[in-house]
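Reader: Please take me through this structure by question and answer, with cut-offs stated where a term first comes up.

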Amino acid sequence: MSTVSNNINICIIGKPNSGKSTLFNCLIKKNISPVGEEYGLTKQLIRDQFIYNKQSFTIVDTPGLRRKSKINDIDEIQRNREAIKLIDEVDTVLLLIDSLESLTKQDFRLADLAINKKKIIFFLFNKQDILDDKNRFKSQIYKYLKNNYGQYRMVNIEFISAKRNQRITSLLKQLINKVKIKDTKIKKSKLNKFLNYLIKQDRFPKVKKIEIRPKYIVQLNEALPSFKVFINSKNRAPSIFTKYFDNTFRDYFNLEGIPINFKFISSKNPYLD
Ligand SMILES: Nc1nc2c(ncn2[C@@H]2O[C@H](COP(=O)(O)OP(=O)(O)OP(=O)(O)O)[C@@H](O)[C@H]2O)c(=O)[nH]1
Ligand SMILES: [Mg+2]
């Protein structure tokens with residue numbers, strides 16, 4: 001028997017009643033976490049493990065997270081803190097969304113938290129089984145996120161039904177794949193090819209009529225894909241440049257939904273070489 005590779009840690013977060021415990025039970029194939037119509041059913045973190053395709057997972061179900069302004073129960077505040085702290089411990093965050101409800105600021109706040117902590121995040125639109133027109137729903141969601149969510153390229157999106165066990169294996173395959181991609185190293189020659197590609201594109205953002213360009217890129221030996229990007233400016237890399245760079249890099253290397261750590265390094269003397 002081949003050995004089980006490194007364990008993948010995941011947590012399920014999201015608003016009350018979105019189906020977190022249903023998904024948890026579905027993944028572990030046991031009915032451990034109580035499920036029901038009632039909002040705020042899960043009151044504590046529930047952990048378990050499962051194996052899919054020789055890959056072991058640790059998974060944590062969490063109490064539904066509501067906006068702070070809606071909470072006046074001290075226990076709920078404490079539970080919220082615990083769930084959010086949990087994000088530090090995992091590799092991947094599954095953000096569960098009830099497809100019958102609209103995305104709210106709370107969802108984006110949770111997603112931003114995970115992204116800032118450099119975690120792989122999945123937006124899981126759950127309860128697909130009760131939608132009349134799934135394709136229409138999907139295209140609306142893609143369009144909405146593209147237009148309204150600046151971090152769009154950092155997230156993975158899936159449409160599932162936890163209750164009917166629909167697209168759950170496809171989710172797990174994607175998840176394993178993303179964790180794998182996160183661990184791969186990009187060859188120096190490929191990084192140089194990318195620089196040449198940018199030069200050919202000739203769409204470098206300008207600050208005060210001066211084009212900001214990357215001069216070279218090095219990948220660092222860190223757990224997360226981390227790169228030092230040296231730029232031709234003695235000032236801090238402007239966000240117009242960092243966004244442009246991040247987007248084109250992701251597109252070029254197919255790294256959508258993968259956390260990447262770019263360290264932009266300014267030149268002491270940008271006019272040299
Ligand atoms: N139709 C449908 N119903 C679902 C699905 N997933 C969950 N539900 C239902 O949604 C309700 C809430 O499910 P839970 O799994 O308890 O939700 P939760 O997010 O854990 O809720 P809290 O613990 O209160 O935060 C239950 O009535 C589930 O049966 C789904 O994929 N399809
Ligand atoms: Mg629950």
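Predicted model: local features only at pLDDT ≥ 70, side-chain atom pairs only at ≥ 80, totals over all residues.

Author: Residues are numbered from 1 along each chain as its sequence is written, chains are lettered from A and ligands numbered from 1 in the order in which they are written, and side-chain values use heavy atoms, with hydrogens and water left out.

Reader: What is the distance from an oxygen atom of ligand 1 to an N or O atom in the side chain of Thr22?
Author: A polar contact is a pair of N or O atoms within 3.5 Å; within protein, one must be able to donate a hydrogen and the other to accept it, and residues adjacent in sequence count only if both atoms are side-chain atoms. For Ser21, a polar side-chain atom lies 2.9 Å from an oxygen atom of ligand 1. In Ser161, a side-chain N or O atom is 3.0 Å from an oxygen atom of the ligand. For Thr22 the distance is 2.5 Å.

Reader: What percentage of the area that ligand 1 exposes when taken alone does the protein bury?
Author: Accessible areas come from the Shrake-Rupley method with a 1.4 Å probe; for residues, only the protein chains shown count as cover. Ligand 1 taken alone exposes 650 Å². The part of this that the protein buries is 93%.

Reader: What percentage of the residues of the protein count as buried?
Author: Buried means under 20% relative accessible area, exposed over 50%, partly exposed in between (1.4 Å probe, protein chains only). The protein has 273 residues, and its C-alpha atoms fill a box of roughly 65 × 50 × 40 Å along the principal axes. The buried share of the residues is 48%.

Reader: How far apart are the end C-alpha atoms of helix 5?
Author: The expected span of a helix is 1.5 Å times one less than its number of residues. Helix 5 (residues 168-182) has 15 residues and should span 21 Å. The distance between its end C-alpha atoms agrees with this, at 21 Å.

Reader: Why do the buried residues of helix 5 lie on the same side?
Author: The buried residues of helix 5 are Ile168, Leu171, Leu172, Leu175, Ile176, Lys178, Val179 and Lys182. They lie on the same side of helix 5 because they cover an arc (that of the directions from the helix axis to the C-beta atoms) of only 160 degrees.

Reader: Which exposed residues does helix 2 carry on the face turned away from its buried side?
Author: The buried residues of helix 2 (residues 74-89) are Glu76, Arg79, Asn80, Ala83, Leu86 and Ile87. They cover an arc of only 115 degrees around the axis, which puts them on the same side of helix 2. The face turned away from that side carries the exposed residues Ile74, Arg81 and Lys85.

Reader: Which residues are exposed on the other side of helix 6?
Author: In helix 6 the buried residues are Leu191, Phe194, Leu195 and Leu198. Seen down the axis, these fall within an arc of 100 degrees, so they line one face of helix 6. Exposed on the other side are Lys193 and Lys200.

Reader: Is Lys190 buried or partly exposed?
Author: Lys190 is found in helix 6 (residues 188-201). Its C-alpha atom is 9.2 Å from that of Phe253, 63 residues apart along the chain. At 48% relative accessibility, Lys190 counts as partly exposed.

Note on methods:
Helix = DSSP H or I, 4+ residues; strand = E, 2+ residues; numbered from the N terminus.
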